Amino acid sequence: MSVPSEYAGKVVLVTGSRRGVGKLIAEHFLAAGATVLGFARGAAAIEHPSYHHFEVDVGDTDAVVRAFGEVKKVTDSIQIVINNAAVLTSQYAMIMPPAAAQAMVNVNLLGPFMVSREAAKMMRKRKWGRIINIGSMAASLEPMGDSMYAACKAGLSTLANVMAKEFAAMNVTCNTLAINAIDSDMLSQLPRDKIDAIIAGLPVPRFSQPDDILNVIDFFAAERSSIITAQTVFLGGVN
Ligand SMILES: NC(=O)c1ccc[n+]([C@@H]2O[C@H](COP(=O)([O-])OP(=O)(O)OC[C@H]3O[C@@H](n4cnc5c(N)ncnc54)[C@H](OP(=O)(O)O)[C@@H]3O)[C@@H](O)[C@H]2O)c1
């Protein structure tokens, strides 16, 4: 059986590739012929000849720089980055443990900053790249209990929008896909009735399915999308 070749020859870095959305995206690119580099704190959860796993905490700036040193032993180029890894502690601000708030800043905002900048240095050589951040409906809906998480996700779009300007001359686009909700370990941390009520109020009142996410990832990643940059796409009709 021949391998689909949509991403043949492309190297894709996916953070948070061990579970949930990140694993879904990593497996999608592998199935379409890409080489995938996966970042996560834990051990590899994907076995594939074109998958390379790196145990790294993206919230640790030095560790990210070290991880790119390891990446360069495998490949001298990265074409597509998916900044997906994130952590969530949902709690009202007055009782949010400061360490949990700090972890969200480090992993959800500083991590994508570091991964994007290190990857951009590699993209610069070939003057082609796609940086795609995984955002959240929380950035727009601003639900109580998610002050820091929502602020980080809003910041993620800002990060992409500024980098879009800085990297445009290198033909590197930077965009954000803001997911509404999809079943995962992260989502299961939240009260289901709260999520169901939020989703019921959306123009398209359903959870995302894998293809809803992959559709937008493919759109941002496409050769034809070279003019699409500094954009945030919200799923479900959130705006
Ligand atoms: N699920 C939803 O409904 C939903 C809704 C809106 C937005 N999102 C966004 O979608 C993305 C994926 O969420 P998910 O639901 O798939 O989450 P998840 O099930 O909790 O998976 C998170 C992934 O990130 C990795 N990770 C966490 N902290 C890390 C760190 N410090 N360094 C490196 N990797 C780390 C985890 O692996 P390790 O534990 O091994 O590190 C895991 O592979 C996130 O950006 C999230 O904010 C999700």
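The paragraphs below take the helix pairs in turn and then the ligand.

This is a predicted model, in which local features need pLDDT of at least 70, side-chain atom pairs count only at pLDDT 80 or more, and totals for chains, interfaces and linings use all residues. Residues are numbered from 1 along each chain as its sequence is written, and side-chain values use heavy atoms, with hydrogens and water left out.

Helices here are DSSP runs of H or I with at least four residues, numbered from the N terminus. Their axes are lines fitted to C-alpha atoms over the stretch in contact, and angles run from 0 to 180 degrees between N-to-C directions. Helix α1 (residues 20-31) and helix α7 (residues 210-221) have axes that come within 11 Å and cross at roughly 60°. The two are therefore oblique to each other, the class left over once angles under 35 degrees are called roughly parallel, over 145 roughly antiparallel and 65 to 115 roughly perpendicular. The crossing of α1 and α7 is right-handed, meaning that the near helix is turned clockwise from the far one by less than a right angle. On the α1 side, Val21, Leu24, Ile25, His28 and Phe29 meet Pro210, Ile213, Leu214, Ile217 and Asp218 of α7, where contact means heavy atoms within 4.5 Å. These residues divide into 8 nonpolar, 1 polar and 1 charged; Ala, Val, Leu, Ile, Met, Phe, Trp, Tyr, Cys and Pro count as nonpolar, Asp, Glu, Lys and Arg as charged, and the others, Gly among them, as polar.

Residues of α2, including Val64, Phe68 and Lys72, meet residues of α3, among them Leu110, Met114 and Glu118. By class, the contact of α2 with α3 has 9 nonpolar, 1 polar and 2 charged residues.

Among the residues in contact are Met104, Asn108 and Phe113 of α3 and Tyr149, Cys152 and Leu159 of α5. The contact has 14 nonpolar, 3 polar and no charged residues.

What lies around the ligand? There are 30 residues around the ligand, of which Arg19, Arg41, Asn84, Tyr149 and Ser184 come nearest; a residue counts if one of its heavy atoms lies within 4 Å. A polar side-chain atom of Ser184 is 2.4 Å from an oxygen atom of the ligand. The side chain of Arg18 has an N or O atom 2.8 Å from a ligand oxygen atom. At Val58, a backbone N or O atom lies 2.9 Å from a nitrogen atom of the ligand.

Key. A polar contact is a pair of N or O atoms within 3.5 Å; within protein, one must be able to donate a hydrogen and the other to accept it, and residues adjacent in sequence count only if both atoms are side-chain atoms.
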